[in-house]
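Trainee: I am new to this structure and would like to learn how to read it. Could we go through it together, one feature at a time?

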Amino acid sequence: MTTKKYETVLIEKQDGITWLIMNRPDKRNAMSPQLHLDMDDALAELAVDPQTQVLVLTGAGEAFCAGQDIKLYFRANDDAPAARAKARHASNQWRWQRLSTFPQPTIAMVNGYCFGGGFTQVCACDFAIAADEALFGLSEVNWGILPGGIVSWNIAQTLNFRDGMYYALTGDTFDGKKAKEIGFVNFSYPKAKLKEETIKLAKKLMEKSPAVLRYTKEALRAVRFMNEPQAADYLNAKSEALRFVDREDSRSQGMKQFLDEKSYRPGFGAFKRPKATPA
Ligand code: ACO
C-alpha cells in the first residue's frame, strides 16, 4: 500500500510501527480545518493498512499539539456555518471515533506542548507516553471558553475529578512527570529517551496476537459504559467471537505450548506466534 502525502500530516512507517505526525510545526501543530480533513482521511487509510501493527501519534518539531487553531478553526469560521460544521465533524471524527476505535494499538507520544483540544487525541489513544519536558494545559478558561468538543468528557473520564476540576478551572499547566503522577499518561521519560521507550512498548505489543489485542482493547472501552450483567453477557459473546476471528488461533496455540509442549508460561510473556499471518 502506498503512503499518501498530505498538506498537514506526515506518515512514516518502519518495522510495523506507523508514525502519524501532526505537521504544522511553525504553528505548534495547532489544528486547522485542513489538518482535521487530512487526519480523517489518513486514519481511514491506515485502519486497513497491513503494514501498520502499532500506530504512534505525535507532533512535528517542538510541540505535540497547541489545540485548535484559534485563527483558522474558530475565528475564520465564525460567520461560515457550513465550513464550521464540516471542520467540527472532521475534528471529532479523527480525534475520537477513528482513533478510539482504531483496530491496532495506538500510542500518543507527547513530545512537547499539548493544549486544549489536543487532549482529546491523547485520551483516544490506548496509551500515552510523555516527555518529562512536555507541557499540558487546559487553557480554554484563559481566553473565555470552556473545554468543548469533547474535552470536558475526556477529562472527566481520564483524570480523577479533583484534578480535572483543578486544571480546567485554573488553566495551570503541568509537565510530563506530573501527567504521569495524575494518571493522564502511562509513562514519562526525558525527551532524549522518548522515542526509544515508545518503540520498546510498540515492540512489546507486536509480540502479541493482533486479534486478541484488538478484542481486548474494544472490550475494555465498551464495558466502561455497562453494568455488571451487561458486561458479563457482552464479554461472553466477545470471547466467543474472538475465537472465530483470530486467524492465529491464539487460544489453542497458547494452551498447546503451555500444557503439552511446556515451552512457555503465560504469566511471563506471549506465546510463540505463527510467522507472517496478518490480522
Ligand atoms: N491557534 C493558532 N495559532 C497558534 C496556536 C493556536 N492554538 N498556537 C500557536 N499558534 C501560532 C502562533 O500564533 C504563532 O504564529 P505566528 O508565527 O504566525 O505568529 C506560532 O504558532 C508560534 O507560536 P508562539 O506562541 O510564538 O510559540 P511559543 O513556542 O512561544 O509558544 C505555545 C507555544 C505555548 C503553544 C503558545 O503558542 C500558545 O499558548 N498557544 C495557544 C495554546 C492554546 O491555548 N491552545 C488551546 C486552543 S483552544 C482549544 O483547543 C479548544
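Trainee: Let me start with a sheet: which residue stands opposite Gly137 in β8?

Mentor: Phe115 stands opposite Gly137. Before we go on, note that this is a predicted model, in which local features need pLDDT of at least 70, side-chain atom pairs count only at pLDDT 80 or more, and totals for chains, interfaces and linings use all residues. Residues are numbered from 1 along each chain as its sequence is written, and side-chain values use heavy atoms, with hydrogens and water left out.

Trainee: How do I read strands and their pairing?

Mentor: Strands (E, at least two residues) and helices (H or I, at least four) are DSSP runs, numbered from the N terminus. Two strands pair if DSSP finds at least two bridges between them. Here, β6 (residues 113-115) and β8 (residues 135-137) run parallel and are joined by two bridges. They belong to an open sheet of four strands with mixed pairing, in the order β4-β6-β8-β9. β4 (63-65) and β9 (173-175) are at the edges with a single partner strand each, so one side of each has no neighbour in the sheet.

Trainee: Which strands does β2 pair with, and in what sense?

Mentor: Strand β1 (residues 9-14) pairs with β2 in the antiparallel sense over six bridges, and Glu12 is opposite Trp19 of β2. With β3 (residues 54-59), β2 runs parallel, again over six bridges; there, Val54 is the bridge partner of Ile17.

Trainee: Is β2 (residues 17-22) mostly covered or uncovered?

Mentor: Buried means under 20% relative accessible area, exposed over 50%, and partly exposed in between (1.4 Å probe, protein chains only). β2 is mostly covered, as six of its six residues are buried. Ile17, Trp19 and Ile21 point one way from the strand, while Thr18, Leu20 and Met22 point the other way.

Trainee: What should I look for in the phi angles?

Mentor: Most residues other than glycine have a negative phi. Arg28, although not a glycine, has a positive phi of about 55°. Arg28 sits in the loop between β2 and α1, and counts as partly exposed because its relative accessibility is 41%. Asp249 is another case, with a positive phi of about 50°; this residue is in the loop between α10 (228-245) and α11 (250-260).

Trainee: How many salt bridges does a search of the whole structure find?

Mentor: Side chains of opposite charge can pair when their charged atoms come close. A salt bridge is a side-chain nitrogen of Lys or Arg within 4 Å of a carboxyl oxygen of Asp or Glu. The search finds 14. One of them joins Asp49 and Lys13, whose closest N and O atoms are 2.8 Å apart. This pair links distant parts of the chain, 36 residues apart: Asp49 is in the loop between α1 and β3, and Lys13 is in β1. Asp49 is buried because its relative accessible area is 3%, whereas Lys13, at 25%, is partly exposed.
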